[in-house]
Amino acid sequence: MGPDERALLLDAFDSNWVAPLGPHVDAFERELAAAVGVAHAAALSSGTAALHLALLLVGVKPGDVVLTSTLTFAATANAITYAGAEPVFIDSDRVSWNMDPHLLAGELDALKARGKKPAAVLAVDLYGQCADWDPITEACARHDVPLIEDAAEALGATYKGKPAGAFGRMAAFSFNGNKIITTAGGGMLVSADEALVKRARFLATQARDPAPHYEHSHIGYNYRLSNLLAAVGRGQLRVLSERVRQRRANRAFYRDAFREVPGITFAPEAPYGESNGWLTVVNVAPAEFGATREDIRVHLESLDIEARPVWKPMHLQPVFRSARTVGGPVAASIFDTGLCLPSGSSLSADDRARVVEAVLSTPKRAKGAP
Ligand SMILES: Cc1ncc(COP(=O)(O)O)c(C=O)c1O
């Protein structure tokens, strides 16, 4: 947090607009929409809330099928189940680790051949890198299936020069504490379609019909963002490009440091865009490095350095055991070998050097050991 966040928060506090609406909410919506080049935005209590509303707004109903990325955080798939629908998980490609557009197109064709159509496709921009939106958009358009972008991790990233959040009928951002900019908790739904965003605000405010008393003809949600948090978000938005620079600098540092180290490679950066660098993720080949990603993680933990395995794919999660999966081995192998290194915007050069030293000092297994 910096001085702008503090000044804006105090302004919100002093104005006494301590409510899930107010001038900072309106301004945050306008400013974020401008930053991502999308006409309309609704500030919400979380990215998960934004995904849930997006699914409802494209008409997802109980019993429907929604195709989604398997390699993601659980919130993506959870939102599908909140709408009463069933997720079908699509494997990653090796170019970006995002949803494989060929598998998606194949699944849409296969469903069509059986006379079926999913209610939506919800594709994720993983770890701050955009999915390959052109073929995904084309496949969805060909089958007339609404597309939603889960851009929770990707604010500040680009795809062919367009910002993350500009793809699909709607996109969701998250301002959870771990994201590239944060409001502690919060989210945003963005869309070029004003009617959808107005409807999102209506549903997020307990679906209150226009009447002097409390009149309701729909089930609503309490999903709006507090004016205090929106004030913090406005300050954070001003430093977004600096945060992207810092995060990408972390990655460049790690890349340089591990350049000559056998068995450590980096999550690929697809040629079609620029990642926001949210997290730096390495791939560990145990036979070459001499230790597994879990050996490294445990060793870092013993030195009080937090690193985390890549998201465990949704198709391997006990809670989604009965869900259908298209492919799966690519995401599963990324999970087996992928490790997210410390990637905070405030890491100093010394912090990063300490992480590198710790990774390199991981005790090696004897050759041939399991
Ligand atoms: C890919 C993805 N989707 C959705 C979410 C949900 O966002 P929130 O935590 O704001 O509900 C997150 C992060 O938390 C995420 O990483």
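Modeller: The largest cavity has a volume of about 130 Å³, the volume being the space filled by probe spheres set on joined grid points. This is a predicted model, in which local features need pLDDT of at least 70 and side-chain atom pairs pLDDT 80 or more, whereas totals for chains, interfaces and linings use all residues. Residues are numbered from 1 along each chain as its sequence is written, and side-chain values use heavy atoms, without hydrogens or water.

When the whole structure is searched, one cavity of 30 Å³ or more is found, a cavity being a set of points on a 1 Å grid where a 1.4 Å probe fits but cannot get out. Its lining (residues with an atom within 4 Å of a point) comprises 14 residues, and those nearest the centre of the largest cavity are Tyr127, Gln129, Arg251, Ala267 and Pro268. Two elements, helix 9 (240-257) and strand 12 (280-284), each give two or more residues to this lining; helices are DSSP runs of H or I with at least four residues, and strands are runs of E with at least two. By class, the lining of the largest cavity holds eight nonpolar, four polar and two charged residues, with Tyr and Pro counted as nonpolar and Gly as polar.

A ligand oxygen atom lies 2.7 Å from a polar backbone atom of Gly47, while a nitrogen atom of the ligand is 2.7 Å from an N or O atom in the side chain of Asp150. For Lys179, an N or O atom of the side chain is 2.9 Å from an oxygen atom of the ligand. On its own the ligand has 380 Å² of accessible area, of which the protein covers 93%, as computed by the Shrake-Rupley method with a 1.4 Å probe.

Technical notes: 1 Å grid on protein atoms, 1.4 Å probe; cavity = no way out; pocket = protein on both sides within 12 Å on 5 of 7 lines; lining within 4 Å. Polar contact = N/O pair within 3.5 Å; in protein donor to acceptor, adjacent residues only side chain to side chain.
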